[in-house]
Amino acid sequence: MPVTIVIGAQWGDEGKGRFVDYFSANAQMVGRYAGGDNAGHTVAVKGEVFKMHLIPSGILHDGVVAIMGNGMVINPINLLKEMNRLREQGITISPDNLVISSRAHLISPAHIELDRGKEAERGEDKIGTTLRGIGPAYLDKIGRRGIRMGQMLNLEDFADALETSLNHYNAELRREGFEIVDVKASMQAYVDAATELQPYIKETTVYLAERLEKGERIVCEGAQGTLLDVDHGSYPYVTSSSPTAGGVMTGLGIGPTYVDQVVGVAKAFSTRVGSGPMPTQEEGEIAQRLRGTGDNYWDEFGTTTGRPRRCGWLDTVLLRYSRMVNGLTEMMLTKMDILSGFDELKIAVAYDVDGTRYDVPPSTIDALERAVPIYETVQGWHEDISDAKTLADLPEATVNYIKRVETLCGVPIKAVSVGPERHQVVNL
C-alpha cells in the first residue's frame with residue numbers, strides 16, 4: 001500500500017521533520033494533515049538549515065508534491081512568508097509542487113488576538129499555547145462558522161465573509177477587554193494574500209485519490225505529538241487537533257486501506273514545551289546537558305516559540321501508549337548523540353500513582369500529575385557517535401540502550417539519528 005504515516009510519539013518536537021524528509025526521498029507526495037504554524041519542523045542539508053511551520057518538509061526533494069490537507073488551519077500571511085523564505089534558500093515553490101486544500105480553514109487576526117487574550121486570562125493555569133490562533137480557528141471550524149481556503153477563489157465573497165467574521169470577533173474582543181483588530185487593514189492584507197494563493201488551492205481529496213489509485217506513494221506528516229492529541233493526549237494540556245494516526249484519514253481524506261507503514265518518531269530522551277504534566281522531567285545539570293545552551297538550532301528550544309523545552313529521561317510508559325493509539329509498525333529514535341557522555345542513563349518503565357503501578361499513562365490529568373516514574377538504570381557511553389554510519393559503528397552500550405527501549409516499547413526501532421544533518425541517520 002502506498003501510504004507512510006510519520007507520527008510524533010511524545011509531546012511533539014521529536015524530530016519528525018527529518019524523518020519526513022528521509023521517507024520523502026522515495027515518495028511522490030508528502031501531506032500535512034493537522035495543525036497550523038504552531039508546528040516547527042527543522043531539516044539540515046549540507047550545513048543549511050530549513051525551518052518549516054506550515055509547508056510539509058518533503059518539499060525539499062525535487063519532484064515531490066507537498067499537500068496542505070483539509071485538517072490544517074492556515075494563516076495565509078505566514079504561509080506566504082514561509083514560501084518566500086524557502087525560495088530565498090533556493091527551494092522551488094510553485095503550484096506544481098505545493099497544493100493547498102480548499103477545505104482547510106483560515107486563521108484570521110481575530111483568532112490570534114482571542115488566543116492571546118484567553119491565554120493571558122488563565123494566569124497560572126495557562127495551557128502553553130503558541131498564541132498563533134490555532135484553538136480559536138478550530139473552534140470556528142467545529143462551530144460551523146469558519147472560513148475555508150476555497151472561499152479565496154472568489155475574492156468578493158471571501159472579503160464579505162472575512163469582514164463579517166472580524167466584526168463579530170471585534171465585538172467579542174471588546175466585551176472581554178482584549179485588543180481588537182483593524183478590520184480594513186486585515187481585509188486588505190488577506191485579500192492580497194488570497195490573490196497570490198489562488199493558483200495553489202485545489203480539491204485535494206480527489207487529487208490524492210487519483211494519485212493513490214495509480215500506486216504513487218505519499219508520506220503523511222504529523223504536527224505536534226501523540227500526547228498532545230485533543231482526544232488521546234494529556235487533556236486539557238493538548239493541541240486542538242488530532243496529531244495521531246487517526247487524524248490522517250480525516251485530515252487528508254484518505255482511507256485506512258491505503259496505509260502500510262506507521263512510523264513513530266521519538267527522541268532518545270523526553271522533552272516538552274508548555275504546561276502540563278511530564279513525569280520524567282529533570283532539573284539542574286541533567287536537564288541543562290540534555291537541553292543545550294541555545295547556541296545552535298539543534299539545542300532544545302522551540303522552533304516556533306523559542307521557548308526552552310523541559311527535558312528529562314526517556315519515558316517508555318508514554319511510548320507504549322503511543323504504539324497502541326497509533327498502531328505503530330516501527331519507531332525511529334532521534335538525538336542519540338546527545339546521550340553521549342553520561343555514565344548511566346535512566347529509562348522510565350512504569351509509573352507509581354499513590355501506590356498503584358501503571359504500565360501505560362492514567363487517563364485522568366490529576367493522576368498523571370501525581371505519577372512518579374519507576375526507573376531502570378542502564379550503562380551509558382562516552383564515545384562521540386556523530387560519525388556513525390552503521391550499527392557496527394555504535395558502541396555496545398548504545399546498541400544495548402536501543403534494544404532495551406525496543407523491548408520495553410514492543411515495536412522495532414528501525415533507525416536512529418546521530419546528528420542534525422540529513423545524512424546522520426543509522427539504519428538498524
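This is a predicted model: local features need pLDDT of at least 70, side-chain atom pairs count only at pLDDT 80 or more; totals for chains, interfaces and linings use all residues.

Trainee: Which residue stands opposite Ile-413 of β19?

Mentor: Look at strand β15, residues 330-334, which runs parallel to β19. Three bridges join the two strands. Opposite Ile-413 you'll find Met-331.

Trainee: And strand β20, does that pair with β19 in the parallel or the antiparallel sense?

Mentor: Strand β20 is residues 425-427, and three bridges link it with β19. Val-416 stands opposite Val-426 in β20. The sense of this pairing is antiparallel.

Trainee: Okay, on to charges. How many salt bridges does a search of the whole structure find?

Mentor: Side chains of opposite charge can pair when their charged atoms come close. Each salt bridge takes a side-chain nitrogen of Lys or Arg within 4 Å of a carboxyl oxygen of Asp or Glu. Searching the whole structure with that in mind gives 15.

Trainee: How many residues apart in sequence are the parts that Arg-132 and Asp-37 tie together?

Mentor: Their closest N and O atoms are 3.1 Å apart, and the two form a salt bridge. Arg-132 sits in the loop between α3 and α4, while Asp-37 sits in the loop between β2 and β3, so the pair ties together parts of the chain with a sequence separation of 95 residues.

Trainee: What is the relative accessibility of Glu-216?

Mentor: Glu-216 forms a salt bridge with Arg-211, with 2.5 Å between the closest N and O atoms. Arg-211 is buried, with a relative accessible area of 17%. Glu-216 counts as buried too, and its value is 17%.

Trainee: Where does Asp-260, the salt-bridge partner of Arg-217, lie?

Mentor: The side chains of Arg-217 and Asp-260 meet at 2.9 Å, N to O. Arg-217 counts as partly exposed at 21%, and Asp-260 is partly exposed at 38%. Arg-217 lies in the loop between α7 and β10, and the pair ties together parts 43 residues apart in sequence, because Asp-260 lies in strand β11.

Technical notes. Residues are numbered from 1 along each chain as its sequence is written. Side-chain values use heavy atoms; hydrogens and water are left out. Two strands pair if DSSP finds at least two bridges between them. Helices (H or I, at least four residues) and strands (E, at least two) are DSSP runs, numbered from the N terminus. Buried means under 20% relative accessible area, exposed over 50%, partly exposed in between (1.4 Å probe, protein chains only).
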